[in-house]
Amino acid sequence: MMQAPLRFCPVCATSLVEREDAEEAGRLRLACPDGHWTFWDNPLPVLAALVEYEGRILLARNAAWPEKMFALITGFMERGETPEQGVARELREETSLQADEVKLIGVYEFMRKNELIIAYHVKASGEIRLSPELVDFRLVAPEKLRPWPSGTGHAMADWMRSRGLPFEYADLPRPVVTDPAA
Ligand SMILES: [Zn+2]
């Protein structure tokens with residue numbers, strides 16, 4: 001893994017310096033003083049799946065998260081795959097479900113982590129077996145979803161709007177399931 005922030009030029013190992021980008025109103029960027037390399041710090045695309053399974057929406061809890069926090073299936077793209085293939089792969093790896101239909105919901109900013117979310121509605125089938133990364137899941141009736149007002153929560157909200165499902169945003173900025181029986 002690359003260390004963040006990167007401190008040395010990956011070509012010549014000289015310490016990077018902050019340099020003003022003349023073409024972008026003096027925006028500061030880390031760069032090699034000899035011009036080999038610039039750290040552009042562009043947002044990374046993240047795939048997210050709102051998974052529909054047997055008529056309900058699957059929310060999963062990552063092992064590293066607080067107890068009541070459940071969210072969409074997410075992951076990074078691999079070289080050589082389309083985002084649709086990537087989201088199907090992530091779903092398979094994390095839940096062992098098969099993606100039968102993959103349809104774009106939308107693209108969302110996630111500036112807090114310098115990421116760009118590409119969110120899909122995925123109809124899935126099979127038997128749920130979580131990867132070790134995930135410790136628990138909920139199957140929530142679509143009308144009982146409570147989107148959170150950030151990141152993938154906006155994708156959930158847009159999907160609900162497209163279905164004509166009324167909803168209220170949860171107060172919390174993070175995905176939380178308060179009613180496990182939902
Ligand atoms: Zn260099």
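Mentor: Let's begin with a term. Helices here are DSSP runs of H or I with at least four residues, strands are DSSP runs of E with at least two, and both get their numbers from the N terminus. The model is predicted, so local features need pLDDT of at least 70 and side-chain atom pairs count only at pLDDT 80 or more, while totals for chains, interfaces and linings use all residues. Residues are numbered from 1 along each chain as its sequence is written.

Trainee: How many helices and strands does the chain have, and what pattern do they follow?

Mentor: The chain has two helices and nine strands. Along the sequence they read β-β-β-β-β-β-α-β-β-β-α.

Trainee: What makes the phi of D41 worth a look?

Mentor: Most residues other than glycine have a negative phi. D41 isn't a glycine, yet its phi is positive, about 60°.

Trainee: What about S96: where is it, and why is it called partly exposed?

Mentor: S96 sits in the loop between α1 and β7. Its count is 14 other C-beta atoms within 10 Å, which falls between the two cut-offs, so S96 is partly exposed. Its phi is positive too, near 65°.

Trainee: How do you know that α1 has the span it should?

Mentor: The expected span is 1.5 Å times one less than the number of residues. For the 13 residues of α1 that gives 18 Å, and the end C-alpha atoms are 18 Å apart, so the two agree.

Trainee: Which residues of α1 are buried, and what do they pack against?

Mentor: Buried in α1 are G86, V87, A88, E90, L91, E94 and T95. They pack against β4, β5, β6 (73–76), β7, β8 and β9 (134–140).

Trainee: What makes a set of residues a nonpolar core?

Mentor: They must be buried Ala, Val, Leu, Ile, Met, Phe, Trp, Tyr or Cys residues, joined through C-beta atoms within 7 Å. The largest such core has 31 residues, and A48, A49, L50, V51, L91 and V122 touch the most other members. At least two core residues come from each of β4 (44–53), β5 (56–62), α1 (83–95), β7 (98–110), β8 (115–125) and α2 (152–162).

Trainee: Which residues does A48 touch, leaving out those up to four places away in sequence?

Mentor: L72, T74, I117, I118, A119, T152 and A155. A touch here is a contact, meaning C-beta atoms, placed from the backbone, within 7 Å.

Trainee: How do you know that β4 and β8 are paired?

Mentor: Two strands pair if DSSP finds at least two bridges between them. β4 and β8 have 10 and run parallel, so they pass. One example is A48, whose bridge partner in β8 is A119. β7 and β8 pass as well, because 11 bridges join them, and they run antiparallel. There, E101 has K123 as its partner in β8.

Trainee: Why are β1 and β3 called edge strands?

Mentor: They belong to an open sheet of three strands in the order β1-β2-β3, with antiparallel pairing. β1 (17–21) and β3 (38–39) each have a single partner strand, so one side of each is left without a neighbour in the sheet. Five bridges join β1 to β2 (27–31), and V17 has A31 as its bridge partner in β2.

Methods. A residue is buried if 20 or more other C-beta atoms lie within 10 Å of its own, exposed if 12 or fewer, and partly exposed in between; C-beta atoms are placed from the backbone. Two residues are in contact if their C-beta atoms, placed from the backbone, lie within 7 Å.
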